[in-house]
Amino acid sequence: MDATAAKLIGAGLAAIGAGIAAIGVGNVFGSFLESALRNPGAADGQQGRLFIGFAAAELLGLLSFVVAMILIFVAK
Amino acid sequence: MAAEQGNVDPMHQFSIEPLFGTDHWQIAGHNIAFTNSALWMAITTVVLWLFMLGGMKRALVPGRWQMAVESMTGFVDNLLAANVGPAGKKYVPYIFSLFMFILFANILGLLPLGLLGIHPFTATSHFTVTGVLAIMSFSIVLIVGFWRHGLHFFSLFVPHGTPVWLLWLIPVIELISFLVRPFSLALRLFVAMMAGHVLLEVLSSFVISSTNSGVLWAGVVGIPSFVLMVAICALEILVAGIQAYVFALLTSLYLNDAENLH
């Protein structure tokens, strides 16, 4: 296999990480909604934590995007 | 094939081009030409300035514009009050500028000005720009931390109730997570903005190529892609707001560490 093909396959494999991060982000918002519906009064106070969890989960998905971009455009 | 000619290079929109001053504008060997990135940051600043100026009339009964500005300042004020407490009041100007600059830069980069032949440039889709913003936040955290607590600031790396036999490990982990903060802060904003714009460009290349190869493909691929583009644009507006909020929120959390330790 030549190097270009290997790079493109690697970039495609990195996209799996984006999909898994999507599960993580969905989990964050899903769990928040689930508990917010049980106790709507306490929900508004937890929005900051919701977005911290979202940011942490999302960052790891974005890192896989960075890996793909590095493989396509930077790696020789 | 004709369809091959219509290929769109999704990364071209991020290229930085000098607008003027390419020849002899140098400082210590670095070219300081006025680029499209600089132009759009300047536009962001001017738009932000006009937005603020329109809302600072201090009317007793606020109009719509003043209400918009006041809801923004009130939002940042609440953010700091909730996350840092009373000591957070003095950071309101910094966090507010940060939040509004990122928000305006993100949204200006999304404007459909291409219809008029002007190509909007998202300044926040470059690691240099977001990196400088993150370094600013990180230096403020360091300066405030060492100013207020002196060397006691290092107790940040040893959380309360750490068992004695773990004292060799926990500070190392905490130190790494502390040092990674500016990178994660900058990376998140830049990648989130870049990914969205690349996605829109790729979808637009689907629309162009499929429309060029006949009515059948235009119906099967082109129209669904176009509908998806509209939906993704709406998502991008949401992401622009969320990323600006997350940047401000995380900066205020780090400031909380510096002000109050754990």
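B:Met194 counts as buried because 23 C-beta neighbours lie inside 10 Å. Buried here means 20 or more other C-beta atoms within 10 Å of the residue's own; exposed means 12 or fewer, partly exposed lies in between, and C-beta atoms are placed from the backbone. The model is predicted: local features need pLDDT of at least 70, side-chain atom pairs count only at pLDDT 80 or more, and totals for chains, interfaces and linings use all residues. Residues are numbered from 1 along each chain as its sequence is written, while chains are lettered from A and ligands numbered from 1 in the order in which they are written.

B:Met194 sits in helix 6 of chain B. Helices (H or I, at least four residues) and strands (E, at least two) are DSSP runs, numbered from the N terminus. Not counting residues up to four places away in sequence, B:Met194 touches B:Phe14 and B:Ser125. A contact requires C-beta atoms, placed from the backbone, within 7 Å. B:Trp147 is 47 residues from B:Met194 along the chain, and their C-alpha atoms are separated by 37 Å.

**The two chains**

| Item | Chain A | Chain B |
|---|---|---|
| Helices and strands | Chain A: 3 helices, 0 strands | Chain B: 7 helices, 4 strands |
| Buried residues | Chain A: 11% of 76 residues | Chain B: 27% of 262 residues |

From the N terminus on, chain A runs α-α-α. Its radius of gyration is 17 Å, well over the 11 Å from the globule rule for 76 residues, so chain A is more spread out than a compact globule. That radius is taken over C-alpha atoms, and the rule is 2.2 Å times the number of residues to the power 0.38. Chain B runs α-β-β-β-β-α-α-α-α-α-α from its N terminus. Among its contacts between residues at least 6 apart in sequence, 63% join residues at least 24 apart.

**Where the chains meet**

In the interface, 12 residues of chain B are in contact with 9 residues of chain A. On the chain B side, helix 3 (64-83), helix 6 (170-212) and helix 7 (215-260) each supply at least two residues. Helix 6 of chain B gives the largest share, 6 residues. This side divides into 9 nonpolar, 2 polar and 1 charged. Ala, Val, Leu, Ile, Met, Phe, Trp, Tyr, Cys and Pro count as nonpolar, Asp, Glu, Lys and Arg as charged, and the others, Gly among them, as polar.

**The core**

The largest nonpolar core has 46 residues. Such a core is a set of buried Ala, Val, Leu, Ile, Met, Phe, Trp, Tyr and Cys residues joined through C-beta atoms within 7 Å. Among the contributors of at least two residues are helix 3 (47-74) of chain A and helix 4 (92-110) of chain B. Helix 7 of chain B gives the most, 11 residues. B:Ala248 is one of the residues with the most contacts inside the core. Leaving aside neighbours within four places in sequence, B:Ala248 is in contact with B:Val76, B:Leu79, B:Ile95, B:Leu98 and B:Phe99.

**A helix pair**

Helix 5 and helix 6 of chain B pack at about 145°, with axes 8 Å apart. Axes are lines fitted to C-alpha atoms, for helices over the stretch in contact, and angles run from 0 to 180 degrees between N-to-C directions. Residues meeting there include B:Phe127 and B:Leu133 in helix 5 of chain B, and B:Arg181 and B:Leu185 in helix 6 of chain B. This contact divides into 10 nonpolar, 3 polar and 1 charged.

Methods:
Contact = placed C-beta atoms within 7 Å.
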